[in-house]
Amino acid sequence: MPLLPPTLHSIAVRPRTWWTLLVIWWVTLWFLSGTAHPPSLPGFLDWDKLKHAVYFMLGGSFWALALRLQKPHLRTLIIALTGAALMTVVGFFDEWHQMFTPGRSGNDPGDWIADTIGGVLGPWVGLGCQRLLRLRPIK
């Protein structure tokens, strides 16, 4: 028996739901990267890096859920590796994009590392949620 209410479960088992959330995630990232904001505290272990990691973990989770529900035969490791690779590349281009935004520095290796860490964890979190919530592909 699913853990989610029936209406929410019927939405959550659709791959389109997770692909849409991934697109919204990416558009939001692009918007945030193009917005100037005050500089954060220096150093790797500050809140800024945690925000990067959590945001990219969310993106990796959306990727994994969309792919698992659309192509249930794919191996878990393939989903996790492609999600981590995608989030790493997106993180790189996010830093590159920030170079052209007034008030932003971009090319921060600490940000990119935090993005990558979140991107590596994200698919595993998404797949764990898929199992926990008993989200099975629609046949």
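This is a predicted model: local features need pLDDT of at least 70, side-chain atom pairs count only at pLDDT 80 or more; totals for chains, interfaces and linings use all residues.
1. Thr76 belongs to helix 4. Once its neighbours within four places in sequence are set aside, Thr76 is in contact with Arg68, Trp124 and Leu127. For a further reference distance, the C-alpha atoms of Thr76 and Arg131 lie 12 Å apart in space, while the two residues are 55 apart in sequence.

2. As to the chain as a whole, the protein chain has five helices and zero strands, so that the order of elements from the N terminus on reads α-α-α-α-α. Taken along the principal axes, its C-alpha atoms fill a box of roughly 50 × 25 × 20 Å. Of the 139 residues in the protein chain, 38% are buried. Among the contacts with a separation of 6 or more, 78% are between residues 24 or more positions apart.

3. The packing of helix 3 (residues 47–70) against helix 4 (residues 76–98) is at an angle of about 140°, and the two axes are 9 Å apart. Helix 3 is therefore oblique to helix 4, because only angles over 145 degrees count as roughly antiparallel. The crossing of these two helices is right-handed.

4. Which residues of helix 3 meet helix 4? On the helix 3 side they are His52, Phe56, Gly59, Gly60, Trp63, Ala64, Leu67 and Arg68, and their partners in helix 4 include Thr76, the residue of the opening point, together with Ile79, Thr82, Gly83, Leu86, Met87, Val90 and others. Sorted by class, the contact of helix 3 with helix 4 has eight nonpolar, seven polar and three charged residues. Arg68, which is in the helix 3 part of this contact, is also one of the residues listed above as being in contact with Thr76.

5. The largest nonpolar core has 21 residues, and those with the most contacts inside it are Trp18, Leu22, Trp25, Leu29, Phe56 and Leu135. Helix 2 (15–33), helix 3 and helix 4 are the elements that give two or more residues to this core, and the largest share, nine residues, comes from helix 3. As background, nonpolar side chains tend to be buried together in soluble globular proteins. Apart from neighbours within four places in sequence, Trp25 is in contact with Tyr55, Phe56, Leu58, Gly59, Phe62, Met87 and Val90.

6. Lys51, placed in helix 3, is exposed, with a relative accessible area of 57%. Lys51 and Pro102 are 51 residues apart in sequence, and their C-alpha atoms are 21 Å apart in space.

Technical notes. Residues are numbered from 1 along each chain as its sequence is written. Side-chain values use heavy atoms; hydrogens and water are left out. Axes are lines fitted to C-alpha atoms, for helices over the stretch in contact, and angles run from 0 to 180 degrees between N-to-C directions. Helices (H or I, at least four residues) and strands (E, at least two) are DSSP runs, numbered from the N terminus. Angles under 35 degrees count as roughly parallel, over 145 as roughly antiparallel, 65 to 115 as roughly perpendicular and the rest as oblique. A crossing is left-handed if the near helix is turned anticlockwise from the far one by less than a right angle, and right-handed if clockwise. Contact means heavy atoms within 4.5 Å. Ala, Val, Leu, Ile, Met, Phe, Trp, Tyr, Cys and Pro count as nonpolar, Asp, Glu, Lys and Arg as charged, and the others, Gly among them, as polar. A nonpolar core is a set of buried Ala, Val, Leu, Ile, Met, Phe, Trp, Tyr and Cys residues joined through side-chain atoms within 4.5 Å. Buried means under 20% relative accessible area, exposed over 50%, partly exposed in between (1.4 Å probe, protein chains only).
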